[in-house]
Each structure stands twice: as structure tokens, then as C-alpha cells.
Amino acid sequence: MTLGQVAGLIAAIAFVALVVFLVIFLRQLTTTVKEVTRTVDEANQMLAVLRRDVDGLSVEAQGLLNKTNQLMDDVNGKLGSVDPLFEAVGDLGDSVSDINDSARTLVKKVSNKVESSDGADNDDAVKPVNAEIEAEAQGREVSPTERASSTAEGLKKKHLLRQTKKRSQVKTFKA
């Protein structure tokens with residue numbers, strides 16, 4: 001064998017070895033590609049199932065949100081219809097407070113009359129409160145109309161003050 005033949009033999013063996021390694025590599029590559037394809041198919045199937053489940057859940061969630069909105073509208077409507085009731089109760093409380101103030105003023109008047117009829121000294125803290133007391137102090141008879149008028153005017157002033165105060169307050173809750 002000559003040197004050229006030995007070189008050709010080595011080249012032929014090297015080429016056969018290269019072909020064998022390429023065949024083994026291509027078989028493994030084919031197996032890997034099949035496994036990747038199978039995995040991608042399984043992932044696509046799972047995504048399809050998840051997509052259907054998510055679609056169902058989103059439809060249910062939308063239904064729940066719609067019902068919640070309807071419920072909130074209903075509650076807000078009912079609260080709006082109860083608002084005048086609470087305002088009426090507040091006005092009633094104001095009226096009771098006004099009557100209480102009037103009764104307190106009447107008691108002061110009566111106690112002032114009793115003290116003045118006893119001849120006791122009147123100090124500056126116990127002075128006539130309104131025109132009715134002043135009229136009686138002057139010996140002038142106060143008519144029931146004047147008495148009711150002075151009481152009504154006082155109550156009206158208190159009511160106007162409360163209404164003004166109520167209007168000036170800022171409501172913090174808005175539906």
C-alpha cells in the first residue's frame with residue numbers, strides 16, 4: 001500500500017464514521033422533534049380547555065357584577081326614600097327642643113315672678129327675658145295673643161337658625 005492509498009483509506013473510514021454519527025444525530029433529532037411536537041399539542045389542548053373555563057367564569061362574573069349593580073341601585077333608591085323620614089325625625093327633634101326651651105323660659109318667668117313677689121332682691125343675673133316680662137313689670141296686662149306671638153317669634157328664629165346651619169353643612173356621603 002502506498003501512502004496515497006493509506007490516506008484514501010483513512011479518509012474513507014473518517015467519512016464512514018462521519019455518516020454513522022450523522023445518522024445517530026438525525027435519529028435523536030427526529031425523536032426530540034416528535035417529543036416537542038407532542039408537548040406543544042398537549043399545551044394547545046390544555047390552553048383550549050383553560051380558554052373554555054375562563055370564558056365560562058367571565059360570563060358568571062359578569063352576571064354577578066350585573067346583579068350587584070342592580071342590588072346597589074335598589075339599595076340607593078330605598079335609602080333615598082328613607083331620607084325624608086330621617087329629616088322629619090330631625091325636625092321633630094328640633095321642635096321638641098324648641099318646646100323644651102320654651103318650657104324652660106316659662107319656668108324662669110314663673111320663678112322670677114315668685115321671687116319678685118316675695119320681695120327678694122333681683123340681682124343682674126335674673127333680668128326680664130323678653131317683652132312679656134317687661135310688660136308685666138310695668139303693670140301692663142299681657143294678652144294671650146302677645147304671649148303666643150312672642151313665643152312663636154322665638155321659635156321661628158330658632159327654626160330659621162337651625163335651617164341655615166343645616167344648609168351650610170356639607171354632606172359627605174353621595175351615592
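What follows is a talk about labels and the cut-offs behind them.

Mentor: Ground rules: this is a predicted model, where local features need pLDDT of at least 70, side-chain atom pairs count only at pLDDT 80 or more, and totals for chains, interfaces and linings use all residues. Residues are numbered from 1 along each chain as its sequence is written, and side-chain values use heavy atoms, with hydrogens and water left out.

Trainee: Why is Asp 98 called buried?

Mentor: Buried means under 20% relative accessible area, exposed over 50%, and partly exposed in between (1.4 Å probe, protein chains only). Asp 98 has 7%, so it is buried. Asp 94, also in helix 1, has 18%, so it counts as buried too. Over the 175 residues of the protein chain, 6% count as buried.

Trainee: What do Asp 98 and Asp 94 touch?

Mentor: Contact means heavy atoms within 4.5 Å. Leaving out residues up to four places away in sequence, Asp 98 touches Leu 155, Lys 158 and Arg 162. With neighbours within four places set aside, Asp 94 is in contact with Arg 162 and Lys 166.

Trainee: How do you know that Asp 74 and Lys 78 form a salt bridge?

Mentor: The rule asks for a side-chain nitrogen of Lys or Arg within 4 Å of a carboxyl oxygen of Asp or Glu. The closest N and O atoms of Asp 74 and Lys 78 are 3.3 Å apart, and the pair forms a salt bridge. They are four residues apart in helix 1, so about one helical turn separates them. Asp 74 has a relative accessible area of 37%, so it is partly exposed.

Trainee: How many salt bridges does that rule give?

Mentor: Two. Asp 101 and Arg 104 also meet in one, at 3.2 Å from N to O. These residues are three apart in helix 1, so again about one helical turn lies between them.

Trainee: Is Asp 101 buried or exposed?

Mentor: Asp 101 is at 19% relative accessibility, so it counts as buried. Arg 104 is at 44%, so that residue counts as partly exposed.

Note on methods:
Helix = DSSP H or I, 4+ residues; strand = E, 2+ residues; numbered from the N terminus.
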